[in-house]
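Good morning, and thank you for joining this group meeting. Please look at the model on the screen while I take you through its parts.

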Amino acid sequence: MKSNHALQAFTAVGGREVIKFLHQKGRLFSALVRPALWLLVFAVGFQNVFGVAVLPPYETYIEYQVYIAPGLMGMVLLFNGMQSSLAMVYDREMGLMRLLLTAPLPRWYLLLCKLGAGTLLSVLQVYAFLILCMLFRVDIPWSGWIYALPAIVLSGLMLGALGLLLSVHIKQLENFAGTMNFVIFPMFFISSALYPLWKLQEAGAEIVYQLARFNPFAHAVELIRFALYGQVNGVALTVVVGCLVSFFALAVYGYNPQRGVLMRRPRPG
Amino acid sequence: MTEIAAKVSGVGKSYGKTKALDNVDMALHKGEFVALLGPNGAGKTTLFHLLTGLFVPDQGSIVIQGHDIRRSPERALAGIGVVFQQPTLDLDLSVRANLVYHCRLHGIYSSITSDRITDELQRLGLANRASDKARSLSGGNRRKVELARALLHDPAILLMDEATVGLDPASRATLVQYVLDRCEQGDISVLWATHLVDEAERAHRALVLHEGKLIAQGTPERLIAQTQRPTLAEAFLDLTGIH
């Protein structure tokens, strides 16, 4: 694989994702409205109900909006990762995936291009959300905008790789709603996005607490939360990188021509 | 016509207990237009999936321009242009954007991309539609764009998988004629899968695939003589036992 060819393929796949994103004018709007509602309605309404004690990485008492901002950034990444998955299934149904996978490049690289392109969109949307946070005076340090970038990219890649892996197993576009119910919502709610995990333990929800500890999304949120304050959460980093490598490897395996995921039920001909 | 562009040796492929291809041997020579005839379900599409590396065969080997598709898929795929049975244009993008996308996937230098696209579209009479959304094109023109795209990277082999399905007779005839002309002008070899026998009448050779097996091959005249039928269509029906 020549580097020039590899770069061209990435610009092709990335460019197509960006063009499609720009054409879908409502997509950025809906990507921002979702976390904005949580930030401006849910968080404001519940800020007196959820008292958040001082816990790392915070050094003082914080507003609830500050607490849930990293969780909502994770939400943007999670939804976009699943949207990429939906786009993969759509491309497969429309035959566009065949065109991509018959390009003279290693299949893992073509999937990496897809993942990279999806993550690029995810990261841009997270920064659009950060601008929204700034406009609504959510107290996130400016330095955090830069410190958090690697954490946002890694989390975006990990959740995008999960989407890629799911696209192997979602046979039809119609099954996507099921994915929303069984992947996005449990991952989001059983995590530290909306409340610190000790709250779950305190409430006696031990099973939920244990599930949350093993939820990769929770670790992505914590990775971003710590990174916003210039700190590295080692456990979260390990889990996010480990999950990224595993999900991507499994997705590449899933798209192996030996397994024929493209055409599980080949049409006669 | 001695140099072999693609060689399929002893290829077999099963889906569960269903044998889609059984010990298929075939060769495509340089500059040759070969029609792959077979009724629906004969295994034509499966053979195309194997030739394009979307599947790998259970047995046998496929060598494209000296490169085994299992061992060096990228080199093998670089020499192939494909028009799939299922449309594969991104309907939300313009014709040109679709073609640029393909050029980049094939590593064609940006400096020559524009000229190549204009040239291919001109040959097919679609130069004035370059900026139009693919969605706005008729079925016949969409197929032409897919054909232009398949030829952009100057492949040695063109694979057409039932590319005329759903087209009106005039569009079908135009497409066949265009590919025949390109075949005769240059070094391109064509494997044209179809179940419409009239498309195979002008082929250099015809292969008949039936229930996963290659049951006959030769010039259309030879197949007619072999079956002692008056037309290729009748010869085909005779060979596949539909008569």
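Into which domains is chain B divided? Chain B has domain 1, covering 1–79 + 157–243, and domain 2, covering 90–154. Please bear in mind throughout that this is a predicted model.

Let us stay with the two domains for a moment. Taken over C-alpha atoms, their centres in chain B are separated by 25 Å. Where they meet, domain 1 of chain B supplies eight residues and domain 2 of chain B supplies seven residues. On the side of domain 1 that touches domain 2, the largest share comes from α6(B), with three residues. By class, that side of domain 1 of chain B holds five nonpolar residues, two polar and one charged.

I turn now to the sheets of chain B. In what order do the strands of the open sheet of six strands lie? The order is β6-β7-β8-β3-β9-β10 in chain B, and the pairing is mixed. At the edges are β6 (80–83) and β10 (213–218) of chain B, each of which pairs on one side only. From one strand to the next, the twist averages 15 degrees.

On one side, four bridges join β7(B) to β6(B), and the two run parallel. There, G81(B) has L158(B) of β7(B) as its bridge partner. Strand β7, residues 157–161 of chain B, is also joined by five bridges to strand β8, residues 189–194 of chain B, again running parallel. Across this pairing, M160(B) stands opposite W192(B), and D161(B) stands opposite A193(B).

Is β7(B) mostly covered or mostly open? It is mostly covered, since five of its five residues are buried. In a regular strand, the side chains alternate between the two faces of the sheet. In β7(B), I157(B), L159(B) and D161(B) point one way, while L158(B) and M160(B) point the other way.

Which helices lie against this sheet? Helix α1 of chain B, residues 44–51, lies across β3 (33–37), β7, β8 and β9 (205–210) of chain B, and runs at about 145 degrees to β7(B). Helix α6 of chain B, residues 169–185, also packs on the sheet, where it touches β3, β7 and β8 of chain B. The direction of helix α6(B) makes about 155 degrees with that of β8(B).

Chain B has another open sheet, in which four strands follow the order β2-β1-β4-β5 with antiparallel pairing. β2 (18–29) and β5 (67–68) of chain B each have a single partner strand, so one side of each is left without a neighbour in the sheet. Two bridges join β5(B) to strand β4 of chain B, residues 59–64, and these strands run antiparallel. One of the paired residues is I64(B), whose bridge partner in β5(B) is H67(B). Helix α1(B) packs on this sheet as well, touching β1 (4–15), β2 and β4 of chain B, and its direction makes about 65 degrees with that of β2(B).

Let us next consider the interior. In soluble globular proteins, nonpolar side chains tend to be buried together. Here, the largest nonpolar core has 154 residues, and those with the most contacts inside it are M158(A), A161(A) and W192(B). Helix α3 of chain A, residues 64–94, gives the most to this core, namely 15 residues. The core also draws at least three residues from each of domain 1 and domain 2 of chain B.

Which residues does W192(B) contact, leaving aside its neighbours within four places in sequence? They are F33(B), V34(B), A35(B), L36(B), M160(B), V179(B), E199(B) and A203(B).

How do the chains meet? The contact takes 32 residues from chain A and 30 residues from chain B. On the side of chain A that touches chain B, α1 (3–23) and α4 (96–101) of chain A are the elements that give two or more residues. The largest share, ten residues, comes from α1(A). By class, this side of chain A has 17 nonpolar, ten polar and five charged residues.

Finally, a contrasting position in chain A.

Conventions: Residues are numbered from 1 along each chain as its sequence is written. Chains are lettered from A and ligands numbered from 1 in the order in which they are written. This is a predicted model: local features need pLDDT of at least 70, side-chain atom pairs count only at pLDDT 80 or more; totals for chains, interfaces and linings use all residues. Two strands pair if DSSP finds at least two bridges between them. Axes are lines fitted to C-alpha atoms, for helices over the stretch in contact, and angles run from 0 to 180 degrees between N-to-C directions. Two residues are in contact if their C-beta atoms, placed from the backbone, lie within 7 Å. A nonpolar core is a set of buried Ala, Val, Leu, Ile, Met, Phe, Trp, Tyr and Cys residues joined through C-beta atoms within 7 Å. A residue is buried if 20 or more other C-beta atoms lie within 10 Å of its own, exposed if 12 or fewer, and partly exposed in between; C-beta atoms are placed from the backbone. Domain bounds come from an automatic or database domain assignment. Ala, Val, Leu, Ile, Met, Phe, Trp, Tyr, Cys and Pro count as nonpolar, Asp, Glu, Lys and Arg as charged, and the others, Gly among them, as polar.
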